[in-house]
Amino acid sequence: MYLGIILHLCSKISFVIGSYTMHFFLGRYLPEAEYGIVGTIITIMNFEYIFFTDGVRQGMAKAISMERYDERDLIRTGILFQTGIVLLFFSGTYLGAPLIADALGDQALAPYIRTLAFLLPFTGLYSLMLGILNGHKAFRAEAGTGIVYPILKLSVIPAVLFCFQDAVFGTQMGFLFAAVLISLISAIRVGCIRTSFRVSSQRMLRWEYAQTAASYLVLFGASTFMMNLDTLILKRVSGDNEIVGYYTGVANFAKIPYYLLTAFYTVVLPVITGNYMQGKIEEAREKIGDVISLVLGFILPVVSIVSAASGHILGLFYRPGYRRGENALALLVFAIGFLGMTLIFSMILSAADRKKVLTILSVGMLAGQAVLCVILTEHFSLTGTAFATWIAAGIGMLVSVVLVGKIFGLFWQKKHTLLLGVNGAAYGILLAAFRHVEIGNFLILVGLCAVCYVILAGFAAYRLGFIARFIRR
């Protein structure tokens, strides 16, 4: 499990570096209003991706990891469902572009929305291939493919600079180029493990596969909606592309913990599913405790540092005017961290086959965020938008923790309390320091944040025994 998490963390770190390199260029090269349009289009694209990057992918991974069914039949079923979903959304996006643009109050978005439709088939194939690799626990191949994808997406930069006068269209062409290549690479990766496909007389019923995929679709759909609905509500309520541009910068940095936490739930699903199916509840509980230790020791410090240094990060990465989103980022990065933890616990609940509970939890979080977002955005602008997600995701995380505890027993340990307390104290100190000290260089800021992280992560490594184990080796 640890190797899988490390490999997927490398993949997510690559994603973060690639994504922020792209946004560093776009945020500095484009005016705030045009960057706001790019942010809106990317947000719509993320909504589209919900329906074929998740659901079918996780359903495939879980079905394979159960080690019951004939895999070639499973893959045919997955391709059938994925093709149907892609065709449905391709048609809806291409033909419904004017309606979507009208709902956002900006008909100028229609041509860009129509272009999004052509990314869908390639992204759908890529996500299905990742589900097959994950189900086989082929974490090396899965993570390697994930490392390549963000590098390919950097083609956005030459596309905008040299190929297309329209920066928004150039950004989309860069995404399309990356999607075509990564779909081919992922298919080749799956082809390399085809000899290990399980042969069985037992076949998974299509309605059963559809039910499993749908439960994940609702779960990941809700989380993706929560991370993108706020931007669209802000666009609708404010009607100001410049404010949306500021919030796009906020959202980009706030998603850092989510990218890192996906490495955990990607590995947790097949591992906990296997333990639960074999009745190894004690072993599953130990794995849950290990995951919590890693998150508190090595992911929570990232959240704390980004939140504390939010104003400096926005002002130095983009331009000084982006500091208007300081408080929004301080709140939203914790909110996305809560959401990521909710997904981890939801994956554990999924391994225990609690589909109905997951559906209720997902819909409840999304509905709560939507209502709060409209109300708080009207009163507090982009800070209220972020606070709405903080409330909804925080409640969702607490509920999911309680539900997992009821099924697997008490997994919280003294070392978890210690790590939480140390990070809380460090956050208070860092927040006071960054709010009272001016830093004028982004590289200096990165260095200071890196030092803070090394101290906190080093303490965690010592308390969790990683350093002692390394020395003994």
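Guide: H9 passes H10 in a right-handed crossing. This is a predicted model, with local features needing pLDDT of at least 70, side-chain atom pairs counted only at pLDDT 80 or more, and totals for chains, interfaces and linings using all residues. Numbering starts from 1 along each chain as its sequence is written, and side-chain values use heavy atoms, leaving out hydrogens and water.

Visitor: What makes a crossing right-handed?

Guide: The near helix is turned clockwise from the far one by less than a right angle. H9 covers residues 156-163, while H10 runs over 167-192 (helices are DSSP runs of H or I, at least four residues).

Visitor: Which residues of H9 and H10 meet?

Guide: On the H9 side, Val156, Ala159 and Val160; facing them in H10, Ala167, Gly170, Thr171, Gly174 and Phe175 (contact means heavy atoms within 4.5 Å). By class that gives five nonpolar, three polar and no charged residues. Gly counts as polar here.

Visitor: Why are H12 and H16 called oblique to each other?

Guide: H12 (residues 241-254) and H16 (residues 326-351) pack at about 40°, their axes 8 Å apart. That angle makes the pair oblique, therefore. The crossing of H12 and H16 is right-handed too.

Visitor: How many nonpolar, polar and charged residues does the contact of H12 with H16 have?

Guide: H12 brings Tyr247, Val250, Ala251, Phe253 and Ala254, and H16 brings Ala328, Leu329, Leu332, Val333 and Ile336. Tyr, Val, Ala, Phe, Leu and Ile count as nonpolar, so the contact has 10 nonpolar, no polar and no charged residues.

Visitor: How many cavities of 30 Å³ or more turn up in a search of the whole structure?

Guide: Three. A cavity is a set of points on a 1 Å grid where a 1.4 Å probe fits but cannot get out. The second largest cavity has a volume of about 50 Å³.

Visitor: What lines the second largest cavity?

Guide: Val38, Ile41, Ile42, Met45, Leu116, Val168, Thr171, Gln172 and Phe175 (lining residues have an atom within 4 Å of a point). H2 (32-53) and H10 are the elements that give two or more of these residues. The lining of that cavity splits into seven nonpolar, two polar and no charged residues. Thr171 and Phe175 of this lining also belong to the H10 side of the contact with H9.

Key: Axes are lines fitted to C-alpha atoms, for helices over the stretch in contact, and angles run from 0 to 180 degrees between N-to-C directions. Angles under 35 degrees count as roughly parallel, over 145 as roughly antiparallel, 65 to 115 as roughly perpendicular and the rest as oblique. On a 1 Å grid over the protein atoms alone, a cavity is a set of points where a 1.4 Å probe fits but cannot get out, and a pocket is an open set with protein on both sides within 12 Å along at least five of seven lines; lining residues have an atom within 4 Å of a point. Grid points are joined across faces, edges and corners, and a volume is the space filled by probe spheres set on the points.
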